[in-house]
Amino acid sequence: MNARVASLERENEAAGELVPERALVARRLAVQFSGADAKDILRHAIETAFPGRIALVSSFGAESVALLHLVSEIDAALPVIFLDTGKHFAQTLSYRKKLARQFGLINVRDIVPEKAKLARRDPEGDLWKRDADACCTLRKVEPLREALDGFDAWITGRKQFHGGGRLHLPAFEASARHVKVNPLARWRQDDIDAYRAAHDLPPHPLVAQGYPSIGCWPCTHPVAAGEDIRAGRWRGAAKTECGIHGRGFNGTA
Ligand code: SF4
């Protein structure tokens with residue numbers, strides 16, 4: 001990142017606005033890689049566009065395995081950030097270990113919330129019952145913001161078929177602090193299933209129990225046939241996202 005972009009970033013971060021140069025870079029890459037293969041997008045982002053300045057953020061959830069496998073084939077030492085909220089299912093924690101071992105990922109970083117903040121803002125560990133947004137901010141948004149300091153870009157597993165704000169997701173997008181890379185944006189459920197089958201990848205153990213989307217245990221429920229894939233997340237609440245892709249985190253809508 002040159003000095004001018006860094007300076008603009010500081011100014012615009014304070015105002016919660018996009019850095020023009022960063023937005024231009026993201027737009028140019030989005031056009032260049034519109035319709036490109038997921039592995040080509042990833043390889044370009046990791047080796048050419050942001051070498052040494054990019055990380056993958058993974059929940060090690062129901063759909064994470066394909067992206068983790070793709071990354072491991074390009075650079076098994078790429079930083080992989082796992083937000084260990086303290087509220088994950090035990091199955092997710094063991095899946096995280098299993099996949100890292102199986103794929104040879106040597107730089108998985110377990111990012112935990114700050115102890116002092118937990119003691120002050122969620123001493124009983126039940127903030128999720130009273131204010132899920134505040135809980136996600138404490139356990140996900142703030143730790144991720146710190147973990148991504150020093151990176152210019154991060155890779156997400158978001159996909160257009162999840163709907164909502166993801167319907168028109170491009171392969172590259174800008175935020176105030178980073179370029180976000182969405183190599184699987186155009187993948188459908190069939191693509192995920194086909195990739196998993198072709199590479200004989202292990203499923204998250206909770207998928208077979210009716211969880212097609214998996215986050216923290218207090219806020220994740222099984223989904224009935226025909227329901228939206230994310231219907232079990234914060235079931236019964238208006239909340240649909242944890243906040244790491246929202247304006248509060250990085251300036252995107
Ligand atoms: S998903 Fe639930 S438990 Fe996890 S951080 Fe958000 S509100 Fe808290």
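Proline 205 lies in the loop between α9 (189-198) and α10 (247-250). Helices (H or I, at least four residues) and strands (E, at least two) are DSSP runs, numbered from the N terminus. The structure is a predicted model, in which local features need pLDDT of at least 70 and side-chain atom pairs count only at pLDDT 80 or more, while totals for chains, interfaces and linings use all residues. Residues are numbered from 1 along each chain as its sequence is written.

Proline 205 counts as partly exposed because it has 16 C-beta neighbours inside 10 Å. In this scheme a residue is buried if 20 or more other C-beta atoms lie within 10 Å of its own, exposed if 12 or fewer, and partly exposed in between, with C-beta atoms placed from the backbone. Apart from its neighbours within four places in sequence, proline 205 is in contact with Gln91 and Tyr95; two residues are in contact if their C-beta atoms, placed from the backbone, lie within 7 Å. Proline 205 and glycine 61 are separated by 144 residues in sequence, yet their C-alpha atoms are 9.6 Å apart in space.

## The chain and its confidence

The protein chain contains ten helices and six strands. Of its 253 residues, 40% are buried. Among contacts between residues at least 6 apart in sequence, 73% join residues at least 24 apart.

The mean pLDDT of the protein chain is 89, and 89% of its residues reach 70 or more; pLDDT is the predictor's confidence in each residue, from 0 to 100. Over residues 1-16, pLDDT stays under 50, and the model has 18 contacts beyond four places in sequence for this stretch.

## Strand β1 and its partners

Strand β1 (residues 54-57) is covered on both faces: Ile54 and Leu56 are buried on one side, and Ala55 and Val57 are buried on the other. β1 runs parallel to strand β4 (residues 153-155), to which it is joined by three bridges. It also runs parallel to strand β2 (residues 80-83), here with two bridges. Two strands pair if DSSP finds at least two bridges between them.

Leucine 56 has a counterpart in each of these strands: it stands opposite isoleucine 155 in β4 and opposite valine 80 in β2. Together with helix α4 (residues 64-74), β1 and β2 form a right-handed β-α-β unit. A crossover is right-handed if, with the strands pointing away from the viewer, the path from the first strand over the helix to the second runs clockwise.

## Two residues with positive phi

Phenylalanine 60 is located in the loop between β1 and α4. Although it is not a glycine, its phi is positive, at about 50 degrees. Phenylalanine 60 is classed as buried because 25 other C-beta atoms lie within 10 Å.

Tryptophan 234 occurs in the loop between α9 and α10. Its phi is near 50 degrees, a positive value in a residue other than glycine. With 22 other C-beta atoms within 10 Å, tryptophan 234 is buried.

## The shell around the ligand

There are 13 residues around the ligand, of which Cys135, Cys136, Arg139, Cys216 and Cys219 come nearest. A residue is near a molecule or strand if its C-beta atom, placed from the backbone, lies within 6 Å of it. Helix α8 (residues 132-147) supplies the largest share of the shell, five residues.

By class, the shell has eight nonpolar, two polar and three charged residues. Ala, Val, Leu, Ile, Met, Phe, Trp, Tyr, Cys and Pro count as nonpolar, Asp, Glu, Lys and Arg as charged, and the others, Gly among them, as polar.
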